[in-house]
Amino acid sequence: MSEAVVALNDPLADHSLGQRVLREHVASVYSTYGVSTLTHMAFVVVFGSIIYSQLKDPSLLFWMAGLLMADIYVFFTPRWTPSRPAHESSYWARKISRLVTLVSMVSAVVPWLIVPHDNLPMTSLLMAVIVGSCARAAQSLWPLKAALFGYTMPMSLGMITALAWQGDGLHLFLAIAGAAYLLLTLHAGIGQHKLLTQSLMLRFENEALAARLGEQIAATERASEEKTRFLGTASHDLRQPLHAIALFGAALENELRDRPEGRNAERLMRAVNALGASLDTMLDISRLDAGVITPAPQSVQLDALFLPLNHTFSARAEQKQLQLRVRASGLWVRSDPQLLHRMLSNLMDNALKYTARGGVTVTARDRGDAVWIEVRDSGIGIAPEQSSRIFEEFYQIDNPGRDRSRGLGIGLSIVQRLSRLLGHPVQMHSRPGRGTHFRVVLPAVDAQADMRVRQLSQTAVEALERERQWQGRPALPGRVLLLDDELEIREAMMGLLRSHAIDAHAVADEAGAAAALQQASREGRPFELLVCDYRLADGADGLDAGLRLSQGQGAAIPLLLITGETAPERLQRVRESKVPVLFKPVVADSLLRAMAEVAVAR
């Protein structure tokens, strides 16, 4: 860890901070070193010439020569540069303090050469020069107190003592005025030094805090990325065997449908579907983060949305002996009906989980241009210190044992993501022991105008429905080629497809799939559908392989992708490919329906 990030109350950190402040002080003083020295030399020549022309005192020439020699020594002696290491700052601070003290001590002689001449104009000029020189030097030497005192005191004291030595009232007055000015200058210099030091310390402390915050943010981002990778890998590894179990179970259920053993197969599939639902919940997080889900806003009648929600959760409320009230409103909103359904479903599910007595109420209220959908419960409530964490993934209130019956703790995290995706703000108010109130704010739409649009749309929907019923359900493809590197999944898929009279052929790699396609073409019995796993053996990309295979045999073969991926970047890539995709574990009905639709759409 760098010096800037060490705890600032640590002695080593304090020493390092002091070194940095001193270095800045030294840099400030040395920044005008060369220009100040040359300017001072020129001023000595001009001022000395004026004084000598008026007083004709040869001693002034010796003083000028001595002061110029001091300036030349100061100018050519080695000086501090930014390349000097920080630990040498104390040495360079002492050196420049000694140099300016030397110049000031030589300058302190001149009052004793001028004042005794009892020439008031020259004395006044001398005082003006010394006062101005002290004022200028004080501003440039504020960062180093030793240099400030070393330059101002010898010169000023030389003037004060020379004036006081004359003994008359005027010179005593001037001496007192000079002493007062010296004290004021030193007091102001000390104050400015403290202010400058404090500002530098605050700056470096802020830089240290910013660096520490940056490291913490980077560490948090790394932890989040590692969590995402872990979830993606764990989810994929769990989905593979679960996918095989679901396929074997579906085939078994189909074979035992009219036999007594069929009930056990149904129970098995219910357990598999429950586990699949948990994995799908984690997949939803990754899909939302990847931007795979795109909302399709439209006019939504809330009563039509509330009815299936009431049917879904009424049995569960009865089981817990809770009252569930889903009140009709006649209101319309603009939203994506499926995503809004999922959002409200998660809120209702969360309310029922944490309510032991009383009930849950779902209402919609008209608020001008907005509609408030409110989900209220009489459950355990949320403490203020926990309210900021309830939308975190896997966080659950009062569930340290991770009771599986209370879910995974992802529902509200999905609600938050859907809220951002749809632009529907979610507000929460809660009182511990009294219940929780969630409010979703949606844009309202004109019910009358939408009713006319709805009637026209309903007519078109009914026409399409009649046409679909007339045509019947799309037929399943006759021949299917499966590309999957895992033997268990190939066997399970083959068993399921053959139980539905589908001629299925399974291969483990792209080369085997290419050979099977060529043989089918030679025999005049082409495959009607290619089903490909996304992640193949040795890191091979199933999407790329499937696209090459589906386009490489002259006539394009429809491609259906199956994946257990949850990594956001991979899901985004699948979405951009426009290839139909199913997510493991795949329910048998969903698989057969997707195969029929993809094959028909060729």
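I started with my rule: a salt bridge is a side-chain nitrogen of Lys or Arg within 4 Å of a carboxyl oxygen of Asp or Glu. The model is predicted, so I use local features only at pLDDT of at least 70 and side-chain atom pairs only at pLDDT 80 or more, while totals for chains, interfaces and linings use all residues. Residues are numbered from 1 along each chain as its sequence is written, and side-chain values use heavy atoms, with hydrogens and water left out.

Entry one. I looked up Asp-541 and found a salt bridge to Arg-573, with the closest N and O atoms 2.8 Å apart. Asp-541 sits in the loop between β10 and α16 (542-551), and Arg-573 in helix α17 (residues 568-577), 32 residues away. (Helices are DSSP runs of H or I, at least four residues; strands are E runs, at least two; both are numbered from the N terminus.)

Entry two. Arg-573 also meets Asp-544 in a salt bridge, at 2.5 Å from N to O. Asp-544 belongs to helix α16 and Arg-573 to α17, so this pair ties together parts 29 residues apart in sequence.

I checked Arg-316 and got a salt bridge with Asp-349, the closest N and O atoms being 2.3 Å apart. Arg-316 is in helix α10 (residues 302-319) and Asp-349 in helix α11 (residues 337-353), so parts 33 residues apart are tied together. Asp-349 counts as buried at 19% relative accessibility, where buried means under 20% relative accessible area, exposed over 50%, and partly exposed in between (1.4 Å probe, protein chains only). Arg-316 is partly exposed at 24%.

Last entry. My count came to 14 salt bridges. I also noted a network of them linking Arg-20, Glu-24, Arg-203 and Glu-207.
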